[in-house]
Amino acid sequence: MSTAIILESLANGLAAVFAAAGVLHIVGPRWLIETYARWDYPARFRLVAAVLDIAAATFLLFPDIRAWGITLAGIITFFSVVALLDHKKYVVAAYAMLLMAALVPAALSVPRADPYLRPAVERPVLLSVR
């Protein structure tokens, strides 16, 4: 199995994880709503989290915009880890840190720009003034 296929599979797996998290936030089970209330988050904060998770999952699926997905997923995961550590949920924070670490090899699946397709640079026109 080639490295490209493994990295593509990792990116798709991460997209599935973020999509599942988004669906979980949309469904809003009682324990999730109670946790957000106990942590003093606004009542509809879970819907914002759902939109961000689903956006990250969507971006991760498409190679051309995968860099945006990795960036958004990294930001989401970073703030999740900070919130979990702040509320002394160390085990769950460790899992979130592993998820964040998985974004690093997934970044290797972002296609590189072709070095031969550089945008044309306009050269300044020198005018002689007499």
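This is a predicted model: local features need pLDDT of at least 70, side-chain atom pairs count only at pLDDT 80 or more; totals for chains, interfaces and linings use all residues.
Residues are numbered from 1 along each chain, and side-chain values use heavy atoms, without hydrogens and water.

Let's start with that pair. H4 covers residues 66-86 and H5 residues 90-107; helices here are DSSP runs of H or I with at least four residues, numbered from the N terminus. Their axes come within 9 Å and cross at roughly 165° (lines fitted to C-alpha atoms over the stretch in contact, with angles from 0 to 180 degrees between N-to-C directions). On the H4 side, the residues that meet H5 include Ile70, Ala73, Phe78, Val81 and Leu85. Facing them from H5 are, among others, Tyr90, Ala93, Met97, Met100 and Leu103; contact means heavy atoms within 4.5 Å. The contact of H4 with H5 has 16 nonpolar, two polar and one charged residues (Ala, Val, Leu, Ile, Met, Phe, Trp, Tyr, Cys and Pro are nonpolar, Asp, Glu, Lys and Arg charged, the others, Gly among them, polar).

Now bring in H1, which spans residues 3-27. The axes of H1 and H5 come within 9 Å and cross at roughly 145°. Leu7, Leu10, Ala11, Leu14, Val17 and Phe18 of H1 touch Leu99, Ala102, Leu103, Pro105 and Ala106 of H5. By class, this contact has 11 nonpolar residues, with no polar and no charged ones.

H1 also meets H4. Here the axes come within 12 Å and cross at roughly 50°, so H1 and H4 are oblique to each other. Glu8, Ala11, Asn12 and Phe18 of H1 pair up with Arg66, Ala73, Ile76 and Thr77 of H4.

Finally, look for the largest pocket, which is lined by 29 residues (on a 1 Å grid over the protein atoms alone, an open set of points where a 1.4 Å probe fits, with protein on both sides within 12 Å along at least five of seven lines; lining residues have an atom within 4 Å of a point). His25, Tyr36, Asp53, Ser80 and Leu84 lie nearest its centre. H1, H2 (30-38), H3 (45-61), H4 and H5 each give two or more residues to the lining, and H4 supplies the largest share, eight residues. The lining divides into 22 nonpolar, four polar and three charged residues.

Terms used. Angles under 35 degrees count as roughly parallel, over 145 as roughly antiparallel, 65 to 115 as roughly perpendicular and the rest as oblique.
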